[in-house]
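This report is meant for a reader who is new to the structure shown below. Please keep the sequence and the 3D view at hand while reading.

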Amino acid sequence: MTDGRQIIHYACVSSTQSVAKKLVSLGIPTGTVIVADKQEQGRGRLDRTWISPAGGLYASIILQVEPLISLRAGIAVAKGLRELGIEAKLRWPNDVMVEEKKIGGILIEVSGSRAIVGMGVNLVPVPLESATCVEEATRVHITRDQLLNSILQWMEPSLSGKVVEEYRALSATIGHVICVESKRGKLIGKAIGIDVAGRLLVESAGVVHVISSGDCSNLSFRDNRAEKTVKR
Ligand code: BTN
């Protein structure tokens, strides 16, 4: 990260994104990380709420806007978890998944020339059927700061090398029959790849669609009895 890495810690905030935005307007340096023990108005992508009880990881990193930053942040969270023994993958665009459940997410907001990269990881259970948490994914006790340090280390630009290749290798979406909902509506098809700009390539009825934003769910997965297609 450029200009050092100051970590500012809060016990409770509305959202680390809002705090970071305010600090950017006050001239805080690039590289600063805002962390909170809990959030009262945690925000997710697509105007969703991010449930943020005490015990989770809620962090916003102030960086320069750069291409593929959202993929880079997803890779850092997935690798940070993997380094601690949790087999995390990425559901396009950057939901962090363990098997079929979401364990973390990334929210990027832009403020002038800065990107505020919000990262949330469930360390403790949250009341959502579709979610899991670190406590459920491993028997090993992992602290918030251990996980944060592991993630931040993967955010170093020197490690950012081949972003798209790394993203593809961690993908939980490529090769699956998916439903993707975007501004253009709902599309069901097979995810066949990610292009150099991080867009999702979906083949449906012989046509390849290039999707640049949206929300994705897998309609096919392997279970241990047989390969089958199920609606989730
Ligand atoms: C998603 O919808 O998957 C993105 C979730 C991002 C949540 C994090 S928690 C830290 C930062 N502060 C917020 O209010 N949101 C992001």
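## Basis of the description

The model is predicted: local features need pLDDT of at least 70 and side-chain atom pairs count only at pLDDT 80 or more, while totals for chains, interfaces and linings use all residues. Residues are numbered from 1 along each chain as its sequence is written, and side-chain values use heavy atoms, with hydrogens and water left out.

## The seven-stranded sheet

Seven strands make up an open sheet of mixed pairing, in the order S1-S2-S3-S7-S6-S5-S4. Strands here are DSSP runs of E with at least two residues, helices are runs of H or I with at least four residues, and both are numbered from the N terminus. Two strands count as paired if DSSP finds at least two bridges between them. At the edges are strand S1 (7–13) and strand S4 (88–91), each of which pairs on one side only. From one strand to the next, the twist averages 25°; such angles run from 0 to 180 degrees between N-to-C directions, with axes fitted as lines to C-alpha atoms, for helices over the stretch in contact.

Strand S2 (residues 33–39) and strand S3 (residues 57–64) run antiparallel and are joined by four bridges. Across this pair, Ala36 stands opposite Tyr58, and Val33 has Ile61 as its bridge partner. S3 is also antiparallel to S7, with eight bridges between them, and there Tyr58 faces Gly120. Seven of the eight residues of S3 are buried, where buried means under 20% relative accessible area, exposed means over 50%, and partly exposed lies in between (1.4 Å probe, protein chains only). Helix H4 (residues 144–154) lies across S1, S2, S3 and strand S7 (114–121), at about 25° to S3.

## The five-stranded sheet

A further open sheet has five strands in the order S11-S10-S9-S8-S12, with antiparallel pairing. Its edge strands, strand S11 (207–211) and strand S12 (215–218), each pair on one side only. The twist in this sheet averages 45° from one strand to the next. Strand S8 (residues 177–182) is joined to S12 by four bridges, and Val180 has Cys216 as its bridge partner in S12.

Strand S9 (residues 185–194) pairs with S10 over four bridges, with Ile194 opposite Leu200. These two strands form a hairpin with five residues between them, and Gly198 in the turn has a positive phi of about 85°. S10 is joined to S11 by five bridges, with Glu203 opposite Val208. This second hairpin has two residues between its strands, and Ala205 in the turn has a positive phi of about 50°. Four of the five residues of strand S10 (residues 200–204) are buried, so S10 is largely enclosed by the rest of the structure.

## The nonpolar cores

A nonpolar core is a set of buried Ala, Val, Leu, Ile, Met, Phe, Trp, Tyr and Cys residues joined through side-chain atoms within 4.5 Å. The largest one has 47 residues, and those with the most contacts inside it are Leu81, Val117, Met119, Val121, Val134, Leu147 and Leu200. Helix H2 (residues 69–83) gives the most to this core, with eight residues. Domain 1 (7–170) and domain 2 (177–231) both contribute residues, so this core lies between them; the domain bounds come from an automatic or database domain assignment.

Leaving aside residues up to four places away in sequence, the residues that Val121 touches include Leu81, Val134 and Leu147; contact means heavy atoms within 4.5 Å. A second, separate core of 11 residues includes Ile8, Val13, Ile28 and Ile62.

## Local features

Arg91 lies in strand S4 and is buried, with a relative accessible area of 14%. Its side chain reaches the backbone oxygen of Cys216 at 3.5 Å.

Most residues other than glycine have a negative phi, and most peptide bonds are trans. The peptide bond from Trp92 to Pro93, however, is cis, with omega near 0°, and Pro93 is in the loop between S4 and strand S5 (95–98). Leu46 has a positive phi of about 55°, and Asp47 one of about 60°. Asp47 is exposed, with a relative accessible area of 81%.

Conventions:
A polar contact is a pair of N or O atoms within 3.5 Å; within protein, one must be able to donate a hydrogen and the other to accept it, and residues adjacent in sequence count only if both atoms are side-chain atoms.
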